Amino acid sequence: DQPGMHQAEQLNWEAEQLRKAGVIGGGASAAAANDDGYEFVIDTVDFVKDAMLAGENVEARPDLEAQAEDEKERLRLEKLSKFEAIQEERRRLPIYKYREELLAAVDEYQTLIIVGETGSGKTTQIAQYLHESGYSERGKIGCTQPRRVATMSVASRVATEMGVKLGHEVGYAIRFEDCTGDKTLLKFMTDGMLLREFLSEPDLAGYSAMIIDEAHERTLHTDVLFGLIKDLIRFRPDLRVLVSSATLDAEKFSAYFDDAPIFRIPGRRYPVEIFYTKQPEADYMDASIVTALQIHVEQPLPGDILIFYTGQEEIEAAEEIFRQRTRKMGGKIAELIICPVYANLPSDMQMKIFSPTPPGARKLVLATNIAETSLTIDGIRHVIDPGFHKQNAFHPKTGMESLLVQPVSKANALQRAGRAGRTASGTCYRLYTAWSYQNELEDNVVPEIQRTNLGNVILMLKSLGIHDLLNFDFMDPPPSDAIVRALEQLYALGALNDRGSLTKLGRRMAEFPLDPMLSKMLIASEQYKVSFEIVCICAMLNVGGSLFYRPKDKLIEANAAINSFYQGNVGDHIGLYNVYASWSSEEVNFASAWCMENFVQVRSIKRARDIFDQLVNLMGRVEIELISNPTAHDAVKKCILSGFFYHTARLAEKLGKSGQAVRTAAGSTGGGGPLLYKTIKAPQQSVYIHPSSALAPKPPKPNDGGGKDGSEGSGEMLVLPPRWVVYHELVYTTREYMRQISEIESKWLVEVAPHMYSEKEIETLNGGDGDKMPNRRGKGKAAE
Ligand code: CDP
Ligand code: MG
């Protein structure tokens, strides 16, 4: 102990000693006092320094002089007019030095692989270079992106650089949103949108050049585009194709595209120090927050922080915690500007990410892996990498598909760390041990095509007249049982006939940019005369992100408001319909005030409206009239089932004698865990109702104040759990959860999918429990 030191000082002193010794944190706690003199302690995470990140092919700039020079240059730019400054910035990007060489190579070779460090200017510059050298006189210049947010933000950046209005010369297209016009020459689009363009224009006649960007991400759609483009270039000798990637293993791309030349753009980067945790961290969320605050309190400004999270929910949760903690610390710390970045981020909030951090403040970017390579945010000097991302996983044997949080690969980790060294030297804190990095992380991620449901893509390829899928020229072919499984599913949905060709129904389904199950549901709505309701539900299911919000201080009101949409145990789908129908009703007329009163996220429901409008258009294309039948709940559910009969499960637990043995707080069975369901088709999988579902059994509340709404049993909990359910999707968190669920009658399965379910089979399943369960449906009089 250092005598005479105040505790906080003592801790700071210790931390300082440990830092000098090369150990950050070192079990010490940084402490400070807020305005009231109240002392608080920030926990720390122990790190050990392990490595310095050095990229091959990168011009490293370890010198402080370079840093000072860059800073001087930045200040000079600030004095120029905005447009001039942007042109200067463009000229300073690493790619600029290679502009002429690159254009000459594009002239010479039809296909070119372009490799360059993230941030070197590939995405924003190449399309402009092609435009400036006259390619746009012969057709549009297209550029694909794997991600929606990146597509919009890059298009907007390029429009600014060119001094034009977004949607005119420079435009973008993402699913359910087309921001292009007659004048558009540079078109940024998601890879999925270009795939759809193949349907209407298989030779891409409107384009003179196509850039397949962020190819290293190897998304399903990019991989399929590879095959289509490779085929197309034989017929379009005038079309220029540029495949651009941020990773250095470009040989594979080159080999696939018949030994296309590789054009390397040397990057520029400052060194990045890499730290690992000493011990494995049990809670990476908490560790990330602690680490960020530790950096914020201890490291000098400037220097923004970037943390990688797995998804929107996690980012929102972290944002909330950061706000709380920084509020508590009050004026004693520099301002922390929190910027979330994820797929469904509304465009107004995207601006915030790129606007420069004001002096005296620090930006804290909370991002998904979108910030790994798709978006470059300047000014980041500290990266915190918990080492996880969300990936979809598909098991062809069972047809089960779910989103899993999984460890990143070494390639991801490398990219993440690299984000810290763009404008100055930086640090990367990996919230896992060096051992785990070496021994537990895979080298590369498995391409999406090898771990996802192929239904949608196969339907599209079939519409393009590609029949022999097993011999399609994939760069990395999907497992053949995944192809077979998808073909079976399309056949079961009625999209393919027994010879594997597209049916009339399949042709109509292919019009929708949706999963085939959703497309089928939409088309089935014609027959059941509930097309309006189904379009509403479909739009709401595609919103992504959370629909409701429940502020802690108004939890009771929020729950009451939200529950009112689900009254009468209608289930999640019809609940979604109720929300949209109320908001779009004549009286409410899309009012934002209504959203506030009902705790509905304005942004989410506005997006539903955009999707709704697009879907109505597409329904017109397949000649389905919008018919509304709001009370026909069974018809609505049958429609859903027509598409989702694969996504069905039944209750697999015995219920109590009176048939109402739902889990009480006491939890008669297994101590209150969720009820076990089994998927219906063999091999049966264990699944559970997601706690967020309106149909999730709720423990009775001791003083349930509600219940004036005419629904009975508010206190007694007489509601039976649904026996048979259809679900929208599975998510795996602590267990396999079904999300967005409606109760169905088992006999409907035979009605909507007679080729899949026989009456006998259903009877056997129902007979298993020896009783014909009463159905809760049928107003009020529930049990018996
Ligand atoms: O594609 P690549 O990673 O090679 O680089 P880029 O995305 O073209 O980024 C080049 C520069 O443009 C970076 O310094 C970004 O910060 C900047 N940029 C921007 O300011 N705003 C955007 N929306 C996108 C890029
Ligand atoms: Mg890029």
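1. Helices here are DSSP runs of H or I with at least four residues, strands are E runs with at least two, and both are numbered from the N terminus. The buried set in helix 25 is Val636, Lys637, Lys638, Cys639, Ile640, Leu641, Ser642, Gly643 and Phe644. Those residues pack against helix 19 (516-528), helix 20 (531-541), helix 22 (572-584), strand 26 (724-732), strand 27 (736-743) and helix 26 (746-752). Contact here means C-beta atoms, placed from the backbone, within 7 Å.

2. Before going on, a word on the source. This is a predicted model, where local features need pLDDT of at least 70 and side-chain atom pairs count only at pLDDT 80 or more, while totals for chains, interfaces and linings use all residues. Residues are numbered from 1 along each chain as its sequence is written, with chains lettered from A and ligands numbered from 1 in the order in which they are written.

3. Helix 25 also passes a simple length check. The expected span is 1.5 Å times one less than the number of residues. For the 12 residues of helix 25 (633-644) that gives 16 Å, and the end C-alpha atoms are 16 Å apart, which agrees.

4. Now the overall picture. The protein chain has 27 helices and 27 strands, and 42% of its 784 residues are buried. Of the contacts with a separation of 6 or more, 73% link residues 24 or more positions apart.

5. The largest nonpolar core holds 183 residues, and Val365, Leu366, Met521, Val535, Cys538, Ala539 and Met540 have the most contacts inside it. Helix 20 supplies the largest share of this core, nine residues. (A nonpolar core is a set of buried Ala, Val, Leu, Ile, Met, Phe, Trp, Tyr and Cys residues joined through C-beta atoms within 7 Å.) Leaving out residues up to four places away in sequence, Val535 touches Leu522, Phe612, Leu615, Val616, Met619 and Leu626.

6. On to the ligand. There are 16 residues around ligand 1, and Lys122, Thr123, Thr124, Ser153 and Arg157 come nearest; a residue counts if its C-beta atom, placed from the backbone, lies within 6 Å. Helix 5 (122-132) and helix 6 (148-162) each give at least two residues to this shell, with helix 5 giving the most, four. By class the shell has three nonpolar, 10 polar and three charged residues. (Nonpolar covers Ala, Val, Leu, Ile, Met, Phe, Trp, Tyr, Cys and Pro; charged covers Asp, Glu, Lys and Arg; the others, Gly among them, are polar.)

7. Strand 8 (170-174) has five of its five residues buried. Val170, Tyr172 and Ile174 point one way, and Gly171 and Ala173 point the other way. Strand 8 runs parallel to strand 10 (186-190) over four bridges, with Val170 opposite Leu186; strands pair if DSSP finds at least two bridges between them. Strand 9 (177-179) is antiparallel to strand 8, joined by three bridges, and Ile174 has Glu177 as its bridge partner. Strands 8 and 9 form a hairpin with two residues between them, and Phe176 in the turn has a positive phi of about 70 degrees.

8. Strand 15 (272-277) has five of its six residues buried. Six bridges join it antiparallel to strand 4 (47-53), where Leu53 partners Val272. Strand 22 (426-430) pairs with strand 15 in the parallel sense over five bridges, and Tyr276 stands opposite Arg430.

9. Thr433 sits in the loop between strand 22 and helix 15 (434-440). Apart from neighbours within four places in sequence, Thr433 contacts Tyr276, Thr277, Gln279 and Pro280. Thr433 counts as partly exposed because it has 19 C-beta neighbours inside 10 Å.

10. Some backbone spots to look at. The Leu301 to Pro302 peptide bond is cis, with omega near -10 degrees, and Pro302 is in the loop between helix 10 (284-298) and strand 16 (304-308). Asn589, not a glycine, has a positive phi of about 50 degrees, and Phe590 has one near 60 degrees. Phe590 lies in the loop between helix 22 and helix 23.

Terms used. Buried ≥ 20, exposed ≤ 12 C-beta atoms within 10 Å, placed from the backbone. Contact = placed C-beta atoms within 7 Å.
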